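Open the model in a viewer and keep the selection panel at hand. The stops below say what to select and what is found there.

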Amino acid sequence: MSDPNDENPVDARARRGRNLLLAVVLVAFVILVFIVTIIKISHNISVHG
Amino acid sequence: MSTLEALAAPAAAPATVGAARAGDYLALLKPRVMSLVVFTAVTGLICAGRPMDPWLAAVAILCIAVGAGGAGALNMAYDGDIDALMRRTRRRPVPSGRVQAADARALGVTLSLFAVTIMGLAINVLAAVLLAFTIIFYVAVYTLWLKRRTPQNIVIGGLAGALPPLVGWAAASGTAPLNAWILVAIIFVWTPPHFWALSLYTSEDYAAAGVPMMPLVKGVASTRRQILAYCLVLAPLGMAPAVTGLAGPIYAAVASLGGLALIVLAIRLMIGKGPAPAPASCPVSKTTLYTVDAGARPARDLFVLSLIYLFALFAALLVEKLAGVAPLVR
């Protein structure tokens with residue numbers, strides 16, 4: 001694996017961009033699962049009491 | 001260097017993987033194709049006419065979009081070799097070397113699994129199965145099997161692009177009735193004349209990559225005849241929702257006028273002179289699809305009109321459903 005300190009500025013900026021995108025996708029996934037869970041629980045409560 | 005050698009040469013020296021930007025991974029998802037998939041899926045979802053939690057509706061559309069993106073990434077992973085030979089596609093992330101094919105494959109598999117799993121857990125099993133079938137059909141049947149083997153590639157493979165309204169309908173209702181299949185049939189029959197019109201003036205690209213598009217295998221005259229035949233089927237088929245209780249007067253007007261215009265342009269294409277292919281040395285540009293020589297204008301016009309036609313049909317359906325316009329037949 002290459003040493004991150006050896007990266008040129010362009011590659012470092014590209015890597016930061018990729019990491020940021022991955023972070024956004026992971027946070028969005030967590031929020032998505034949370035929302036779906038709440039909706040499903042609410043629906044089940046309203047149906048079954 | 002000959003023309004073919006020039007086409008076969010890579011667009012640029014392969015970049016290192018470290019240079020891949022976040023936008024390259026987004027480009028793997030084919031956002032323009034995804035937008036059409038989402039549009040037709042939303043139409044199917046709303047036409048189902050079942051009340052649905054808006055958050056769950058958004059999740060269903062997200063799953064369809066992500067599934068389409070995953071399929072697009074897998075397509076680019078497997079087609080990297082021929083994409084490098086075509087002017088229109090050689091700057092994509094895989095052929096340009098910015099993203100490795102294995103990474104594109106991993107992204108495609110991950111997104112596809114995510115989309116189908118969430119669809120099954122959050123929406124319903126039928127929608128998840130249809131979404132999985134759509135992705136597998138696009139990757140296995142179209143990309144890996146048909147695309148390089150037969151001029152009927154986009155005829156059969158077009159089913160994958162036709163299914164999103166059915167997936168949307170199934171997501172909303174858990175059913176797949178006749179009206180949903182009519183929407184599928186419209187896109188299915190629309191696909192060949194749309195792509196053959198495009199391939200009539202971009203056939204050099206397909207020839208360089210060895211993709212057996214219809215004009216290369218059967219010739220320009222045969223392709224133009226087949227385009228007209230498909231348009232003659234598509235025009236009345238496009239009217240079908242107006243007589244099955246799905247659509248109202250706005251849709252009927254759009255479908256009849258649009259269908260008539262398609263047939264007129266298909267006849268003009270058939271009786272006109274053969275399109276002059278774009279020179280292989282012309283610069284790579286999205287405008288290549290729209291800015292063409294005079295000889296290719298009939299094919300270009302039909303290509304553009306077919307896009308407008310499909311968009312107008314589904315937009316009319318959406319407008320009628322959202323505005324509460326009653327269908328012509330109950």
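This is a predicted model: local features need pLDDT of at least 70, side-chain atom pairs count only at pLDDT 80 or more; totals for chains, interfaces and linings use all residues.

**The two domains of chain B**

Where the two meet, 28 residues of domain 1 of chain B are in contact with 29 residues of domain 2 of chain B. On the domain 1 side, select helix H3 (31-47), helix H8 (153-162) and helix H9 (164-173) of chain B, the elements that give two or more residues to the side touching domain 2. By class, the residues on that side of domain 1 are 15 nonpolar, seven polar and six charged.

**Chain B as a whole**

Switch to a cartoon of chain B, which has 14 helices and zero strands. Of its 330 residues, 49% count as buried. Among contacts in chain B between residues at least 6 apart in sequence, 76% join residues at least 24 apart.

**The largest nonpolar core**

Next, show side chains for B:Leu45, B:Ala60, B:Ile64, B:Met119, B:Ala127, B:Leu131 and B:Val167, which touch the most other members of the largest nonpolar core, a set of 105 residues. Helix H10 (residues 178-209) of chain B gives the largest share of this core, 17 residues. The core lies between domain 1 (22-175) and domain 2 (177-330) of chain B, because both give residues to it. In soluble globular proteins, nonpolar side chains tend to be buried together.

Centre on B:Leu45. Leaving out residues up to four places away in sequence, B:Leu45 touches B:Ala57, B:Ala60, B:Ile61, B:Gly168, B:Trp169, B:Ala171 and B:Ala172.

Select helix H6 (residues 101-123) of chain B. How far apart are its end C-alpha atoms? They are 32 Å apart, which agrees with the 33 Å that its 23 residues should span at 1.5 Å a residue. Buried residues in H6(B) include B:Ala104, B:Leu107, B:Leu111, B:Ala115, B:Met119 and B:Ala122. An α-helix has 3.6 residues a turn, so residues three or four places apart point the same way. Which elements do the buried residues of H6(B) pack against? They pack against helix H1 (9-48) of chain A, together with helix H2 (22-27), helix H4 (54-78), helix H7 (125-146) and H9 of chain B.

Now show chain A, whose secondary structure comes to one helix and zero strands. Buried residues make up 2% of the 49 residues in chain A. Its contact with chain B takes 13 residues from chain A and eleven residues from chain B. The side of chain A that touches chain B has eight nonpolar, one polar and four charged residues.

Move to B:Met239, which is in helix H12 (residues 220-243) of chain B. B:Met239 counts as partly exposed because it has 19 C-beta neighbours inside 10 Å, and a buried residue needs 20 or more. Not counting residues up to four places away in sequence, B:Met239 touches B:Ala252, B:Ala255, B:Ser256 and B:Gly259.

Finish at helix H14 (residues 297-323) of chain B, where 27 residues should span 39 Å at 1.5 Å a residue, in agreement with end C-alpha atoms 37 Å apart. After H14(B) comes B:Gly324, with a positive phi near 75 degrees.

Definitions and conventions. Residues are numbered from 1 along each chain as its sequence is written. Chains are lettered from A and ligands numbered from 1 in the order in which they are written. Helices (H or I, at least four residues) and strands (E, at least two) are DSSP runs, numbered from the N terminus. A residue is buried if 20 or more other C-beta atoms lie within 10 Å of its own, exposed if 12 or fewer, and partly exposed in between; C-beta atoms are placed from the backbone. Two residues are in contact if their C-beta atoms, placed from the backbone, lie within 7 Å. Ala, Val, Leu, Ile, Met, Phe, Trp, Tyr, Cys and Pro count as nonpolar, Asp, Glu, Lys and Arg as charged, and the others, Gly among them, as polar. The expected span of a helix is 1.5 Å times one less than its number of residues. A nonpolar core is a set of buried Ala, Val, Leu, Ile, Met, Phe, Trp, Tyr and Cys residues joined through C-beta atoms within 7 Å. Domain bounds come from an automatic or database domain assignment.
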